[in-house]
Protein chains: 2
Amino acid sequence: MDAVFETVSGFTTTGSSILTDVEALCHASLFWRSFTHWIGGMGVLVFLLMLIPSRGGSHMNLMKAESPGYKVSKFVPQVKNNARTLYRIYLGMTLITIAALLIARMHWFDAVCLSFGAAGTGGFAILNSSCASYTSAQQWILTIAMVAFGVNFSFYYLMLIRRPKDALKMEEVRGYIAIILASGTAITINIAHLYSSIGTAIKHAFFQVATIITTTGFATADFDKWPSFSKTILFLLMICGACAGSTGGGIKVSRLIVAVKSMFLELYQLVHPRSVKKVRMDGAPVGSRTLRSLYIFLTTYFLIFAVSILLISVDGFDFETNMSAVAATLNNIGPGFSVVGPTSNFSMYSYFSKIILIFDMLAGRLEILPMLIMLYPKTWRRHS
Amino acid sequence: MDAVFETVSGFTTTGSSILTDVEALCHASLFWRSFTHWIGGMGVLVFLLMLIPSRGGSHMNLMKAESPGYKVSKFVPQVKNNARTLYRIYLGMTLITIAALLIARMHWFDAVCLSFGAAGTGGFAILNSSCASYTSAQQWILTIAMVAFGVNFSFYYLMLIRRPKDALKMEEVRGYIAIILASGTAITINIAHLYSSIGTAIKHAFFQVATIITTTGFATADFDKWPSFSKTILFLLMICGACAGSTGGGIKVSRLIVAVKSMFLELYQLVHPRSVKKVRMDGAPVGSRTLRSLYIFLTTYFLIFAVSILLISVDGFDFETNMSAVAATLNNIGPGFSVVGPTSNFSMYSYFSKIILIFDMLAGRLEILPMLIMLYPKTWRRHS
């Protein structure tokens, strides 16, 4: 959601000499903005469900569509208790991040705001240079924090109730970590020649991978200037997103794992037509209703993607800019490539395109279907 | 499949002075190439099924996966008879196209080769300037021919057995024509200022729309120089493709219609959980097995797309070039944008990338799943 950073703050990236003034003037605003990241992180819908007593009927439909991934059936029935537990984990992890940054000698205001941004994967840093001016240690702490907040919170829940074996067996978390390690390594090799030491390349590669896959949107390097291979990896990570049940956006790793598994199962069944195998996730079969929802989600996602790039292309910007602008907003990343790269902003788009991109940001945050359901009048009628 | 045009013919687009020599030298090769378009048009698999007597077992699995769209159940049981009827329609339409071009005073060799290209939606023209040097009348005939060969052949079959009402009610054909009219009109408005008259703009817009949506790949204008909006429409038409049961490539209009319908049905069912509505196409309900295959197809399609742009990005070309190179090959179009635009070629890609793009061309032509099944060893074992 930090796509409109420069526009909102009203300052351009002309240098750091005015930053002290900005900080002095905007301390309260910056804190509020980061605080909204933190509040928004756990999902507006779960938050509303905790505060507003259940009346049955329509809003449960929203809830059903909002919860990402295959774990939905376990969380819905006891949404209040689960929400409380999740908030506790969330608060605890935020405090740990703040403490780690303070130990690494970050100013307390920066530490609090950046931790809020990392926790909610919202991603406004408080400097126009984003996170580039911090020390390596501070950047590594942020990298780890972002990755940690992109993990499915069921992982921490299982850890909390002392079932570490089940936690470590979670296929989604394993897949997520594997994607991060593979992407970070590939980018490091691809960008090594651009930096003075291999350590710097590793640091920048993993920071950018963490910030993009978790859809946080911080930056320590102008990745728009990286080679095509690295940019393509980052573009695909934008779409991939973090784990279901985390604060991140995107399609989510669990959805991709189930989609790939069902693809291979289909191949198997075309050759063995009498087979009755099912797609399994963490050992449990994935129901056909869940699979259907997954496919409908993917279809809707790519349709919104296609319609959005078509509509904003009226402004005449290049293909890469438009593709990455939609990817950055629909997946709640922040910066894209080219004209909307990490050192610039979305201000040159017309009002019409901005409305499209605002829709994409909201649809991405609300997991798409609730956004469409909200526009559907019958949702708001009481069922008899 | 004309992606490798320049590479294959070995000539660059430096001018038209050498064209006479080329034609003289390569008449036989050009004819053979166009003839392969025509042979390939109706699908290698159907062709093989007609010549090779059925032995039951494994190759039916290939057939099942190859036939696009929801009509598969009607064609499979009597594949031989249907194939014969389809070939007759195909031959008849090709002869009509040749006759029309001859009446419009095209040279007989050009008329035959271009008709073969349009019929098979293969798309090698015989001049390096593709179809730009022909008269407006000849270009309009080609436009209509390409559109006609992109229509689901069930339409002509129904016409042939005197059921014009059923033919005209086919939702896929209606959707296909609507997409062509809407895209052509939008592009005309967008490019009108680039051409001397509105007639020229309409001609170029509809020729390019027809050549891209049917995945033929002829060109009368360098659409890479068109505004972003027109290019985005063409990019989306590349992915859309023509009707199922035609010679065109791409995802196919029927798949997109069913996907959009099932998306709206899902929204409806989230609000009305007890509803038992089904997705319908031409009045008949679409079975859950067919829907599943559709989704798996779409998932596989986008996965291959993503992996392909990632792999070819190693060569370092820009995002637009890579995206459109994969779109052009996976959908069997021919030209893409930017470095692989209609006036240039794919020769600058490395051997590695060319292998990826060759895989994409084959996978796109074979409807993806059979390509993957062919690599799966158990496919070739006899079932007991």
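1. Contact here means heavy atoms within 4.5 Å. Keep that cut-off in mind for the next point. The model is predicted.

2. Start with B:Glu172. This residue sits in helix α11 of chain B, which covers residues 171–191. Leaving aside residues up to four places away in sequence, B:Glu172 touches B:Asn152, B:Ala242, B:Cys243, B:Ala244, B:Val253, B:Ser254, B:Ile257 and B:Met281.

3. Is B:Glu172 buried or exposed? Buried means under 20% relative accessible area. B:Glu172 has 0% relative accessibility, so it counts as buried.

4. Now turn to chain A and helix α12, residues 198–213. The helix has 16 residues. From first C-alpha to last, α12(A) reaches 22 Å, close to the 22 Å expected at 1.5 Å a residue. After the helix comes A:Thr215, with a positive phi near 60°.

5. How many of the 16 residues of α12(A) are buried? Twelve are, so the helix is largely enclosed by the rest of the structure. Among them are A:Ala201, A:Lys203, A:His204, A:Phe206 and A:Phe207. The buried list also includes A:Gln208, A:Val209, A:Thr211 and A:Ile213.

6. What do the buried residues of α12(A) pack against? Their partners in chain A are α8 (136–149), α11 (171–191) and α13 (228–240).

7. Last, compare the two chains. A rotation of 180°, with 0.0 Å of shift along its axis, superposes chain A on chain B. The RMSD is 0.0 Å. The two copies are therefore related as by a two-fold rotation axis. The same surface serves both copies: 100% of the contact residues of chain A recur in chain B.

How values were computed. Residues numbered from 1 in each chain as written. Chains lettered and ligands numbered in written order. Predicted model: local features only at pLDDT ≥ 70, side-chain atom pairs only at ≥ 80, totals over all residues. Heavy atoms only, no water. Helix = DSSP H or I, 4+ residues; strand = E, 2+ residues; numbered from the N terminus. Expected span 1.5 Å × (residues − 1). Buried < 20%, exposed > 50% of the residue type's maximum accessible area, 1.4 Å probe, protein only. Least-squares fit on C-alpha atoms with pLDDT ≥ 70 in both.
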